[in-house]
Amino acid sequence: MNTKVMNALVYTATREMSYRKEPLPQPREGDVRVEIVASAICGSDMHAYHGKDSRRVAPLILGHEVSGVVMDGKFAGQMMVINPLMTCGECRDCLAGRSNLCLQRELIGMYLPGAFAEQVAISERNLLPIPENMNPVHAAITEPTATGLHAVALVERVLARPLSEARALVIGGGAIGLLTALILKAKGCVTIDLAETNALRRHNIEQQGAVNCFDPLADGGPAEDSYDVVFDCVGAGATRLSACSAVRPGGIISHIGLQDANAGLDIRKITLQEITLLGNYCYSKADMLAAIDMLHLGQLGNLNWIDVRPLSAGPRAFDDLHCGNVGAAKIVLQPDSLY
């Protein structure tokens, strides 16, 4: 057996993922190796799969939402969550607790090999402990949960009244959208509507009993000027236009999705009605730690909407997501050795 290679899922071309042997990760100074237990498919991985991310160049091991067992260093043998966002730790933003804005940030699965493999290398300071009995599949979605938490926290700073009094609209029922809605519910927000066009996803979301889910195409778009806060978890021209229409005077649009950079903002309405537009990028370490707690304590429900598959089935998983053939808001891949 060749001990210098591992099984990995590799993005090799537009709409092409290959399960094959790859060299083991080569740790840089300060890095440790982590044996992957669970890694989740992110919307940004799909963006690369569609050939629309110039930062992710094939061939590349994607994946950055991950839990695993540390193989070396001071945490050897411990199950950890990886904070995939590596920053300098010394710049103005890092020292102010806004490391997500560090100009020297790196992300595994972007320029560096990611977590759709049996092992990954990461800076030791990017390891976050999890409770001993925490489900590693749940732990793997810490990163998207932290993204939702970060967005909600930014909104809470700006809202004129408590979040529990706000009418909220979430556009997009993928993992970020669903998690954002569940976070809003956990924080006491009573009125939460979620717009999702995929019928399979709507069915899964409705089973959670946390939000009112509707099809914006068949049921008509959200009512104009009716929401205190709108979370655009898609980030396309059409969803930005819908967000601008739905937000009420003095309200907030939280822009999380990154599907495209085209038009869609109603700048005249934003100006005349004093709409606050918030951009949201990633999360801080504090968001990641808070996300671990929320997931472990069951504050976001039983998480039974997660679809778990073997890593070797990764090519099919990507194709299912592309074709809209899966209702799960999140697919998590695990090394075949765990099956």
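Helices (H or I, at least four residues) and strands (E, at least two) are DSSP runs, numbered from the N terminus. The model is predicted: local features need pLDDT of at least 70, side-chain atom pairs count only at pLDDT 80 or more, and totals for chains, interfaces and linings use all residues. Residues are numbered from 1 along each chain as its sequence is written, and side-chain values use heavy atoms, with hydrogens and water left out.

**Exercise 1.** Describe the overall fold of the protein by its secondary structure and its dimensions.

*Solution.* Step 1: the protein has 10 helices and 18 strands. Step 2: its radius of gyration (taken over C-alpha atoms) is to be compared with the globule rule, 2.2 Å times the number of residues to the power 0.38. The radius of gyration is 20 Å and the rule gives 20 Å for 339 residues, so the protein is as compact as a globular protein of that length. Step 3: along the principal axes, the C-alpha trace spans about 65 × 45 × 40 Å. Step 4: buried means under 20% relative accessible area, exposed over 50%, and partly exposed in between (1.4 Å probe, protein chains only). Of the 339 residues, 54% count as buried. Step 5: with contact meaning heavy atoms within 4.5 Å, residues 24 or more positions apart account for 68% of the contacts with a separation of 6 or more.

**Exercise 2.** Determine how α4 packs against α9.

*Solution.* Step 1: axes are lines fitted to C-alpha atoms, for helices over the stretch in contact, and angles run from 0 to 180 degrees between N-to-C directions. Helix α4 (residues 142-158) and helix α9 (residues 285-296) pack at about 110°, their axes being 8 Å apart. Step 2: angles under 35 degrees count as roughly parallel, over 145 as roughly antiparallel, 65 to 115 as roughly perpendicular and the rest as oblique. The helices α4 and α9 are therefore roughly perpendicular. Step 3: on the α4 side the contact residues are Thr142, Glu143, Thr145, Ala146, Leu149 and His150, and on the α9 side Asp287, Met288, Ala290, Ala291, Ile292, Met294 and Leu295.

**Exercise 3.** Determine how α4 packs against α5.

*Solution.* Step 1: α4 and helix α5 (residues 175-186) pack at an angle of about 55°, with axes 9 Å apart. Step 2: this angle makes α4 oblique to α5. Step 3: Pro144, Thr145, Thr147, Gly148, Leu149 and Val152 of α4 meet Ile176, Leu179, Thr180, Ile183 and Leu184 of α5.

**Exercise 4.** Which residues of helix α7 are buried, and what covers them?

*Solution.* Step 1: in α7 (residues 237-246), the buried residues are Gly237, Thr239, Arg240, Ala243, Cys244 and Ala246. Step 2: their cover includes β11 (167-171), β14 (227-232), β15 (247-255) and α8.

**Exercise 5.** Examine the backbone at proline 59, glutamate 274 and leucine 303.

*Solution.* Step 1: most residues other than glycine have a negative phi, and most peptide bonds are trans. Step 2: the bond from alanine 58 to proline 59 is cis, with omega near -5°, and proline 59 lies in the loop between α1 (43-49) and β4 (60-61). Step 3: glutamate 274 has a positive phi of about 50°. Glutamate 274 is in the loop between α8 (267-272) and β16 (276-279) and is exposed, at 65% relative accessible area. Step 4: leucine 303 has a positive phi of about 60°. Leucine 303 is in the loop between α9 and β17 (306-310) and counts as buried, at 4% relative accessibility.
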